[in-house]
Amino acid sequence: MQSNLKEKIQQRENTFNRVIEMLISSLQLEYSPDELDADTPLFGTGLGLDSVDAVEVIITLEAEFGISLDEGDSIFALRTINSLVDVVMSRKENIQ
Amino acid sequence: MTETEVGYHAIRNSVAFAEEPELRCLQLTGSQAFEALDAVCPCDIFLQDGQMRHTLLLNENGNPFADVYVCREAENAYLVGYGSNVDEIIDWITDHATGITDFLITDLGKSHANLAFDGPYAWELCAEVFGTNVLGLPYLGMLVLDDIFIFRAGRTGEYGYHLLVPIDQKNTWIEKVLTTGAAFEMARANEAARAQCVLENFFFDINREGQYNLTPLELQLQWRLSKQKDTYPGAQAIQELRQAGLTHRLTCFTTPDAVNTNAEITYDGEIVGQVLASGYSPMHKNYVGKALLRKPYWHAGLDGFRAEDSPLKTISAPAVNNLSLNVSPYHHSFHTRKEELT
């Protein structure tokens, strides 16, 4: 496997793991990381979060990653775990 | 535009209507109706009145053979969804609800016809045709109005409603829908149009990836399984796979060219996966699809793959941003949409 692909995968996995940890701890989800799939919807179906949870995620995202979401961003950023990972990766580089 | 394009456009921008004979709807009555469902479904069955929950029916290998919602209305339970045939599902429930006898399964498909509505303004059309109670129905909610069963659940990423109307009233309701629908630029959506929307939104499709003997783990559908239950059909296979660890996973992708189902996906000449479904997305202006990719190639955000000489990259699902996310029954209307959404 090419080293740049390895790096990309590593960075994605690191970010994914940190986002998962953030969701589990801030929302007190009774899931282990292995039970949360990357494309799981956050609201409605999937994790079934509500608007109170959305506020919690937005606050924690700012505290944990220094990322603030405005209303327009959050509709799409909070669709799935992976879309949240995309936002973090697009705004923060080299997450270890 | 083709019939499929017209239907697709209506689903994504206004409202589309379809008769949906492939939707199964079973009503379970009796003092043990919920116990019977609890014995066969991999999700938790405690439901409030009018609540629906999305789950699957699994065979002993943990492979889904039906994509279903379990629902509660008063003391009755419902199983609504796609896959298999009704008689097979009824026999399967009866066989697997061991020791549970006080329940009766009724196929509502024999007495009712299913009308499906999808689109950012589906709620408005349904409210005009069937009454304003529709407006108060939350996502994954159901209600019964004068022998009409209304389920709010869709697979297109837009507002979605399934209505079961008595068969003898079907033509009257369709006439009313078509008359009222004209003002909403409503169109009929065929199966191809709806399947493309399902694909773009990465909803599970029993007729596509559901045919590959995958489990909810590979399909990224663990959220449809209970964390507490371990006795449903297929539970042991799921547990064994969890312990062994996954080797492949379903991932969303885009490519500029058409690729065939089952096409091999390579990276640097090495086979790393397979295309399970794909189709052109007018919204994405690319082909989008679902691939079964080997670990660790299964992550979103990677490019450099190839399928049938076309470049392919993995993306986070869903592949599209749905208009329904910006439309609210409390603030918007199809008739004033141009002023509201600019």
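User: In which sense do β12 and β15 of chain B pair, and over how many bridges?

Analyst: This is a predicted model. Strand β12 (residues 248-255) of chain B pairs with β15(B) in the antiparallel sense, over eight bridges.

User: Is β15(B) mostly covered or mostly open?

Analyst: Start with the general idea. In a regular strand the side chains alternate between the two faces of the sheet. Now the case here. Strand β15 (residues 286-294) of chain B is mostly covered, with seven of its nine residues buried.

User: Now another sheet. What is the strand order in the open sheet of five strands?

Analyst: In chain B, the order is β3-β4-β5-β2-β6, and the pairing is antiparallel. To find the edges, look for strands that pair on one side only: here β3 (52-58) and β6 (104-107) of chain B. From one strand to the next, the twist averages 30°.

User: How many bridges join β4 to β5 of chain B?

Analyst: Seven bridges join them. Strand β4 covers residues 64-73 and strand β5 residues 76-82, both in chain B, and they run antiparallel. For one pair, find B:Y69; its bridge partner in β5(B) is B:V80.

User: Which strands does helix α2 of chain B touch?

Analyst: Helix α2 (residues 33-40) packs on the sheet and touches β2 (24-29), β3, β4 and β5 of chain B. Its direction makes about 35° with that of β5(B). Another helix of chain B, α3 (residues 86-96), lies across β2, β4 and β6, running at about 35° to β2(B).

User: At what angle do helices α1 and α6 of chain B pack?

Analyst: For a helix pair, read the angle and the axis distance. Helix α1 (residues 3-13) and helix α6 (residues 191-200) of chain B pack at about 50°, and their axes are 8 Å apart. The two are therefore oblique to each other. Their crossing is right-handed.

User: Which residues meet there?

Analyst: From α1(B) come B:T4, B:G7, B:Y8 and B:I11. From α6(B) come B:A192, B:A193, B:R194, B:Q196 and B:C197. By class, the contact has five nonpolar residues, three polar and one charged.

User: Now the two chains. How many residues are in contact?

Analyst: The contact involves 23 residues of chain A and 21 residues of chain B. On the chain A side, the elements that give two or more residues are α1 (3-27), α3 (71-77) and α4 (81-91). That side has seven nonpolar, eight polar and eight charged residues.

User: Why is A:L27 called partly exposed?

Analyst: Count its surroundings. A:L27 has 17 other C-beta atoms within 10 Å, whereas a buried residue needs 20 or more and an exposed one has 12 or fewer. A:L27 therefore falls in between, as partly exposed. Its place is in helix α1 of chain A.

User: What does A:L27 contact beyond its neighbours within four places in sequence?

Analyst: A:L27 is in contact with A:D53 and A:E56. As for A:V87, it is 60 residues from A:L27 in sequence and 19 Å away in space, C-alpha to C-alpha.

Note on methods:
Residues are numbered from 1 along each chain as its sequence is written. Chains are lettered from A and ligands numbered from 1 in the order in which they are written. This is a predicted model: local features need pLDDT of at least 70, side-chain atom pairs count only at pLDDT 80 or more; totals for chains, interfaces and linings use all residues. Two strands pair if DSSP finds at least two bridges between them. Helices (H or I, at least four residues) and strands (E, at least two) are DSSP runs, numbered from the N terminus. Axes are lines fitted to C-alpha atoms, for helices over the stretch in contact, and angles run from 0 to 180 degrees between N-to-C directions. Two residues are in contact if their C-beta atoms, placed from the backbone, lie within 7 Å. Angles under 35 degrees count as roughly parallel, over 145 as roughly antiparallel, 65 to 115 as roughly perpendicular and the rest as oblique. A crossing is left-handed if the near helix is turned anticlockwise from the far one by less than a right angle, and right-handed if clockwise. Ala, Val, Leu, Ile, Met, Phe, Trp, Tyr, Cys and Pro count as nonpolar, Asp, Glu, Lys and Arg as charged, and the others, Gly among them, as polar.
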